[in-house]
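Please keep the sequence and the model in view while reading.

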Amino acid sequence: MPVNVAIVGPAGSGKTTLFKALTAGRGADGVGMVDVPDERLQRLAEAVKPLKVTPAQVRVEDTPPGSRAQRVAFARQADVLVKVARCFGPDPQPAAELEEFALDLVLADLASVERRLELVAKEVRAGKKDAVAENEVLQLAKAHLDAGQSLRTLTLDREQRELLNGVFPVTLKPSVYVANAADELLPGGGEPATKVSRLAAVENAPAIVLSARLEAELGELEESEQAEMRASYGIDESGLGRIARAVWEAGGLITYFTAGEPEVRAWPCERDALAPVAAGKIHTDFEKHFIRAEVTSVDELVAAGSMEALRAAGKLRIEGREYRVKDGDVVFFRVGR
Ligand SMILES: Nc1nc2c(ncn2[C@@H]2O[C@H](COP(=O)(O)OP(=O)(O)O)[C@@H](O)[C@H]2O)c(=O)[nH]1
Ligand SMILES: [Mg+2]
């Protein structure tokens, strides 16, 4: 299951422009796959020289045209939201526009929480014990949403979060903020971008400054021309790469690698996933038939040149079902049939 990223935000903030830049014009009907840049993958590929190199990908979707309700429904189906704010053009008001957009999401959550609360409160009155905890967290959520706050800023323990997830709250989703800045304000983005960063900080979300239009134009140039043009704007790295990585972090994802002759590949995985679950990313059967994981690091594999060399030298760590795969692990899964 790929990670689903929805590009959302106020009208005219540059969502479609950013979508085109991210997908390099290869997206169709507002949907496209985007590679996540990772220098470790390149290093592994140089050492192993496989037939094929496959980066991790995210599935990115642009907000389709439609009503407010449709825009909320669109945001609801995503794993991570990329919130684009207009920091270019005449009189940019990114904070006010983002807040207005956020309010739509808050109201949508309030409606779902109230609907669920009606049912659960009835159950509590009928003496149903296991409805008590849910009733409590729904009350907390309602008060928070009533005050115009997104659920991201409500302190919840793991169990409360799971109970709340039953109503698919859209304001509980991890977000990445993008200050879509005028070229002349790059790389910092000036006062409008500062406002966006401040909003992002409230919910502990990353904020990225870029110009979607410039990134789209850069995508059409040769690598060397790109670097030159970036340097002239004082930006040293692709803003799109920064978005991809921020999505990774905000979404609580790690990357592990597999490295064989046929293919060197980066795999997305939830942080703290157990080894069989991580194996299930490759093939659902791998989770069921998991036997053990043979694990090393990128540096060790690069030094040794292949998994076989490490295995022969007895340098692969053997890990079982209780092992939690770490970011940067290189893994070979032993599976039965
Ligand atoms: N100056 C400038 N204009 C931009 C930038 N990004 C988008 N625009 C312009 O803003 C307008 C709205 O962009 P669009 O991507 O359609 O916004 P959407 O409604 O959020 O999808 C278009 O005219 C774009 O060319 C940018 O980074 N800088
Ligand atoms: Mg658009």
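This is a predicted model: local features need pLDDT of at least 70, side-chain atom pairs count only at pLDDT 80 or more; totals for chains, interfaces and linings use all residues.

Residues are numbered from 1 along each chain as its sequence is written, while chains are lettered from A and ligands numbered from 1 in the order in which they are written. The chain is assigned domain 1 (3–93 + 173–250), domain 2 (94–172) and domain 3 (272–335), the bounds coming from an automatic or database domain assignment. Between the C-alpha centres of domain 2 and domain 3 the distance is 39 Å.

**The main sheet**

- Six strands make up an open sheet with mixed pairing, in the order β2-β4-β1-β5-β6-β7. At its edges are β2 (31–35) and β7 (207–210), each of which pairs on one side only.
- From one strand to the next, the twist averages 25°. Strands here are DSSP runs of E with at least two residues, helices are runs of H or I with at least four residues, and both are numbered from the N terminus. Two strands count as paired if DSSP finds at least two bridges between them.
- Strand β4 (residues 57–62) runs antiparallel to β2, and five bridges join the two. V31 has E61 in β4 as its bridge partner.
- Helix α1 (residues 15–22) packs on this sheet and touches β1 (3–8), β2, β4, β5 (80–87) and β6 (175–181); its direction makes about 150° with that of β4. Helix α4 also packs on the sheet, touching β5 and β6, and its direction makes about 145° with that of β5. For these angles, axes are lines fitted to C-alpha atoms, for helices over the stretch in contact, and the values run from 0 to 180 degrees between N-to-C directions.

**The nonpolar core**

- The largest nonpolar core has 91 residues, of which V82, V176, Y177, V178, A179 and V247 touch the most other members. Helix α4 (residues 94–125) gives the most to this core, with eight residues. Such a core is a set of buried Ala, Val, Leu, Ile, Met, Phe, Trp, Tyr and Cys residues joined through C-beta atoms within 7 Å.
- Apart from neighbours within four places in sequence, V82 is in contact (C-beta atoms, placed from the backbone, within 7 Å) with V5, I7, V8, V176, V178, I243 and V247.

- Strand β8 (residues 253–259) pairs with β9 in the antiparallel sense over seven bridges, and I254 stands opposite C269 in β9. A hairpin through three residues joins β8 to β9.
- Three bridges pair β3 and β9 in the parallel sense; V53 has V264 in β9 as its bridge partner.

**Backbone details**

- Most residues other than glycine have a negative phi, and most peptide bonds are trans.
- The peptide bond between L186 and P187 is cis, with omega about 0°. P187 is in the loop between β6 and α7 (190–202).
- K49 has a positive phi, near 50°, and sits in the loop between α2 (39–48) and β3 (52–54). K49 counts as exposed because it has 12 C-beta neighbours inside 10 Å.
- D272 also has a positive phi, near 70°, and is in the loop between β9 (263–270) and α11 (275–279). With 11 C-beta neighbours inside 10 Å, D272 counts as exposed.
- Helix α9 (residues 223–233) is hardly covered, with one buried residue among its eleven. After α9 comes G234, with a positive phi near 75°.

Methods: A residue is buried if 20 or more other C-beta atoms lie within 10 Å of its own, exposed if 12 or fewer, and partly exposed in between; C-beta atoms are placed from the backbone. Two residues are in contact if their C-beta atoms, placed from the backbone, lie within 7 Å.
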